[in-house]
Amino acid sequence: MRELIIGSHVSFTKDEQLLGSVKEALSYGANTLMLYTGAPQNTNRVPINKELTLKAHQLMAEYNIDIDNLVVHAPYIINPANTDNLDFAITFLKQEMSRTEELGISKIVLHPGSHVGLGSDKAITNIIEVLNKVLNVDSKVTICIETMAGKGTEIGSRFEEIKQIIDGIKLKNKIGVCLDTCHINDAGYDITDFDKVLDEFDELIGLEYLKCLHINDSKNEISAHKDRHENFGFGTLGFDNLINIIYHPKIKDIPKILETPYVTKEDNSKERLYPPYKFEIEMIREKVLNNNLIDDIRTYYK
Ligand code: FE
Ligand code: FE
Ligand code: ZN
């Protein structure tokens with residue numbers, strides 16, 4: 001039996017870069033990870049350090065981590081759906097692509113963005129234009145369009161829209177999809193019948209385009225269009241449904257990335273300090289819900 005590919009969002013610091021990200025992932029018992037190469041909300045980027053990248057690759061080899069399962073997330077300030085400055089989106093995304101390539105990572109997740117009044121058809125035309133300008137034959141990086149919750153005027157909450165985007169892409173071998181479980185629930189897909197969701201995805205888009213999964217529980221009911229992540233097993237999707245998705249035989253080899261929220265301190269101050277991933281990954285591997293998850297995390301990191 002091939003191994004489950006599970007990891008989480010991790011940090012990427014100026015001082016340790018990918019090496020720090022890999023160490024963090026290992027501390028969670030993960031065998032993959034996702035990172036932003038800089039703050040998601042701004043464009044300040046430090047140059048990729050070759051030596052740190054090399055050390056990170058050596059550490060991954062030591063722990064049998066396949067670099068092909070790692071994922072970069074593009075910053076969400078890029079809105080390829082509606083921007084009066086398409087050139088900015090293109091230039092910045094190109095830069096993120098080469099940074100991803102410098103790290104040796106082959107997938108970058110991108111939010112299709114929000115149309116903000118433009119209407120979805122025009123927005124999809126914009127997204128296609130940006131992607132066709134960014135993708136080139138020599139690039140080793142695949143852009144994975146993320147399925148969205150449909151908050152506000154977000155594009156990509158329906159598989160139909162994702163398909164429309166892919167249809168317009170010239171280099172189809174460089175495009176993929178990242179399915180986010182919280183987002184599709186909030187968008188209106190019934191994940192309690194995940195076989196049906198996958199069938200629909202396969203019919204419309206094609207399962208071969210599915211390159212990454214974001215595993216999150218949701219704070220909201222189906223069709224809420226909210227996008228608020230909850231810890232694994234503690235939201236409306238629930239433990240059994242999420243386990244069923246993670247171990248689904250049709251998507252076995254696809255990396256699964258947790259983006260569940262950090263846990264607050266006991267005093268319930270708003271500050272979210274403790275990463276839940278070590279304990280969530282443990283539950284996922286054991287397939288048993290830990291009802292004391294939050295307390296266990298607080299005790300461990302205190
Ligand atoms: Fe995302
Ligand atoms: Fe996500
Ligand atoms: Zn989200």
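**View 1. The iron ion (ligand 1) and its donor residues in a predicted model.** Here H73 (NE2), H111 (NE2) and E146 (OE) coordinate the iron ion (ligand 1), at 2.1 to 2.3 Å. Donors are N, O and S atoms within 2.8 Å of the metal (3.2 Å for Na, K and Ca), and water is not among the atoms, so sites may look incomplete. If you follow the sequence, the donor spacing reads H-x37-H-x34-E. H73 and E146 bring distant parts of the chain together: H73 belongs to strand β3 (residues 71-73) and E146 to strand β5 (residues 142-146), 73 residues apart. Strands (E, at least two residues) and helices (H or I, at least four) are DSSP runs, numbered from the N terminus. Both H73 and E146 are buried, where buried means under 20% relative accessible area, exposed over 50% and partly exposed in between (1.4 Å probe, protein chains only).

**View 2. Metal neighbours of the iron ion (ligand 1).** The iron ion (ligand 2) lies 3.3 Å from the iron ion (ligand 1), and E146 coordinates both. The zinc ion (ligand 3) is 5.4 Å from the iron ion (ligand 1).

**View 3. The zinc ion (ligand 3) and its donor residues.** Look for H183 (NE2), D227 (OD) and H229 (NE2), which coordinate the zinc ion (ligand 3) at 2.0 to 2.3 Å. Their spacing in sequence is H-x43-D-x1-H. H183 sits in helix α6 (residues 181-187) and D227 in the loop between β8 (217-218) and β9 (229-230), so this pair links parts of the chain 44 residues apart. H183 counts as buried because its relative accessibility is 2%. D227 also counts as buried, because its relative accessibility is 18%.

**View 4. Helix α4 against helix α5.** The axes of α4 (residues 120-134) and α5 (residues 159-168) come within 9 Å and cross at roughly 40°. Axes are lines fitted to C-alpha atoms, for helices over the stretch in contact, with angles from 0 to 180 degrees between N-to-C directions. That angle makes α4 oblique to α5, oblique being what remains after roughly parallel (under 35 degrees), roughly antiparallel (over 145) and roughly perpendicular (65 to 115). On the α4 side the contact (heavy atoms within 4.5 Å) involves residues including I124, I127, I128 and L131, and on the α5 side residues including E161, Q164 and I165.

**Notes for all views.** Residues are numbered from 1 along each chain as its sequence is written, while chains are lettered from A and ligands numbered from 1 in the order in which they are written. In this predicted model, local features need pLDDT of at least 70, side-chain atom pairs count only at pLDDT 80 or more, and totals for chains, interfaces and linings use all residues; side-chain values use heavy atoms, with hydrogens and water left out.
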